[in-house]
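I opened this notebook to record, step by step, what I looked up in a structure that was new to me.

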Amino acid sequence: MLTLKRNDKNRFPQVSTASLPDIIFILLFFFMVVTVMRSKPLKLEITKPNIQDPQNAKDRKLMAYIYVGATNKSSKDYKIQIDDAFAKIEDIRPFVDRQKEKLPIELKERFTISLRIDKAVEMGIVEDIKVALRKSKQQRIIYSANPKLEN
């Protein structure tokens, strides 16, 4: 009798691709749940002033933000917001010191504070903030503004 032998050494079993969309959906869902956005909720309404020649910040990872504005557009009571909480002028120095402590020594001098200030805020508040930053030995300050549109 003649027996036929199959050559199974070179054959691989076929992979079912029916579950592939399910796997991709699960991975997509996993990364959507795990990803953390780094934005802080803004509790103030700020209208930035326009400037003629804007310069962009280089490294946003080495930057902290201080916001100054009104809680609503009709109010003239301006508040300071650091991270996601309202603050006083006295809270700026400890905030800057905490932010600098998190950085390695070689990056501390490149640490920058970005001031996002409403254009209607009085300069006295801005000067108080600058004095508090000077006391904490913070030398790099950026004032955020909108680029002026050419007509």
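Contact here means heavy atoms within 4.5 Å, while helices (H or I, at least four residues) and strands (E, at least two) are DSSP runs numbered from the N terminus.

I also wrote down that this is a predicted model, in which local features need pLDDT of at least 70 and side-chain atom pairs count only at pLDDT 80 or more, whereas totals for chains, interfaces and linings use all residues. Residues are numbered from 1 along each chain as its sequence is written, and side-chain values use heavy atoms, with hydrogens and water left out.

**Entry: elements.** I found three helices and seven strands in the chain, and reading along the sequence gave me the pattern α-β-β-β-β-α-β-α-β-β.

**Entry: sheet.** I looked up how strands pair, which requires that DSSP finds at least two bridges between them, and found five strands in an open sheet of order S4-S3-S2-S5-S6 with mixed pairing. Its edge strands are S4 (85–87) and S6 (141–143), each of which pairs on one side only. S3 and S4 pair in the antiparallel sense over three bridges, and Ile82 stands opposite Ala85 in S4.

**Entry: helices on strands.** I saw that H2 lies across S2, S3 and S5 and runs at about 155 degrees to S2, whereas H3 lies across S2, S3, S5 and S6 and runs at about 170 degrees to S5.

**Entry: buried side of H2.** Which residues of H2 are buried? Taking buried as under 20% relative accessible area (1.4 Å probe, protein chains only), I listed Ile92, Phe95, Val96, Gln99 and Lys100. They lie on the same side of H2 because they cover an arc of only 130 degrees around the axis, the arc being that of the directions from the helix axis to the C-beta atoms. Their cover includes S2, S3, S5 and H3.

**Entry: core.** A nonpolar core is a set of buried Ala, Val, Leu, Ile, Met, Phe, Trp, Tyr and Cys residues joined through side-chain atoms within 4.5 Å. The largest one has 22 residues, and those with the most contacts inside it are Ile66, Ile92, Ile113 and Leu133. Two or more residues come from each of S2 (63–70), S3 (78–82), H2 (92–101), S5 (112–117) and H3 (123–135). Leaving aside neighbours within four places in sequence, I found Ile66 in contact with residues including Ile80, Ile92, Phe95, Ile113 and Leu133.

Conventions:
Buried means under 20% relative accessible area, exposed over 50%, partly exposed in between (1.4 Å probe, protein chains only). Axes are lines fitted to C-alpha atoms, for helices over the stretch in contact, and angles run from 0 to 180 degrees between N-to-C directions.
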